[in-house]
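The entries follow the order in which I looked things up.

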Amino acid sequence: MDADLCRIMVENKPFNSLADLQSPMKQIVILRIGHRPERDKRITTHVGLTARALGAEGMLLASEDKKLVSNIEDVVQRWGGDFYVKNDVNWKHEIKKWKDDGGKVCHLSMYGINLPDAVDDIKRCDKLMIVVGAEKVPAGMYELADWNIAVGNQPHSEVAAVALTMDRIAENDPLKKEFEGAELTIVPMERGKRVV
Ligand SMILES: C[S@@+](CC[C@H](N)C(=O)[O-])C[C@H]1O[C@@H](n2cnc3c(N)ncnc32)[C@H](O)[C@@H]1O
């Protein structure tokens, strides 16, 4: 880093990297409800991997699917960071615990308030649970959520809904996130592939 930059002080403390100047990351966890192991294994894996890539700390899976958990853990092992998947949770219990700890809950559904109309409000939350369904979501979910949010009021995919939401509510660019302890890191380049 530029030596002059290193001498800049932030609140009378020296900083070591440009990341120190950015706002702290929000704490985001994904709650996946209605997952059917045979039918949804691919899309739920993609929900988890997308959430991880964009900076979520983990995914709570309200179904029993140890194979899915180990597939995602395998990615974390190779590509770094400390994303976790908690298998077979009780979703109502997890929501209660999250709220008791001061968190808010954002349920993504095409029937909700359109994201652009709520994004400023959600951005103020530092501890956010994002809930996505698979099969029909129980009516009680709409009552427990602090926000029922549509990523556009048209049907599409939970992967797209998670990605767009995490991108729109982020303080810092989620695509710039770095993953510590990676065995594999891609060196970006215009053509070809380089992994170190
Ligand atoms: C493929 S949809 C199936 C929804 C189910 N048929 C129902 O009526 O509840 C699965 C999940 O994708 C997410 N989803 C799909 N379209 C969405 C949208 N436009 N906005 C927000 N979330 C959406 C929701 O979380 C939903 O539970």
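I began with strands β6 (residues 104–114) and β7 (residues 127–132), and I found that they run parallel and are joined by four bridges. In this pair, lysine 104 stands opposite leucine 128 of β7. I noted that two strands count as paired if DSSP finds at least two bridges between them, and that helices (H or I, at least four residues) and strands (E, at least two) are DSSP runs numbered from the N terminus.

I must keep in mind that this is a predicted model, in which local features need pLDDT of at least 70 and side-chain atom pairs count only at pLDDT 80 or more, while totals for chains, interfaces and linings use all residues. Residues are numbered from 1 along each chain as its sequence is written.

Next I looked up the whole sheet, which is open and has six strands in the order β5-β4-β3-β7-β6-β8, with parallel pairing. β5 (84–86) and β8 (147–150) stand at the edges with a single partner strand each, so one side of each is left without a neighbour in the sheet. On average, neighbouring strands of this sheet are turned by 30 degrees against each other, direction ignored.

Then I turned to the helices, and saw that α2 (residues 37–53) lies across β3 (27–32), β4 (58–61), β5 and β7, running at about 180 degrees to β3. Helix α7 (residues 158–169) also packs on the sheet, where it touches β3, β6, β7 and β8. For such angles, axes are lines fitted to C-alpha atoms, for helices over the stretch in contact, and the values run from 0 to 180 degrees between N-to-C directions.

How do α2 and α7 lie to each other? Their axes come within 9 Å and cross at roughly 10 degrees, and the two helices are therefore roughly parallel (angles under 35 degrees). On the α2 side the contact (C-beta atoms, placed from the backbone, within 7 Å) includes Ile43 and Val47, and on the α7 side it includes Val159 and Met166.

Last, I checked the ligand, which 17 residues surround, the closest being Leu108, Met110, Gly133, Glu158 and Ala161; a residue is near if its C-beta atom, placed from the backbone, lies within 6 Å. The elements giving two or more residues to this shell are β6 and α7, and β6 gives the most, with three residues.

Methods:
Contact = placed C-beta atoms within 7 Å. Parallel < 35°, antiparallel > 145°, perpendicular 65-115°, else oblique.
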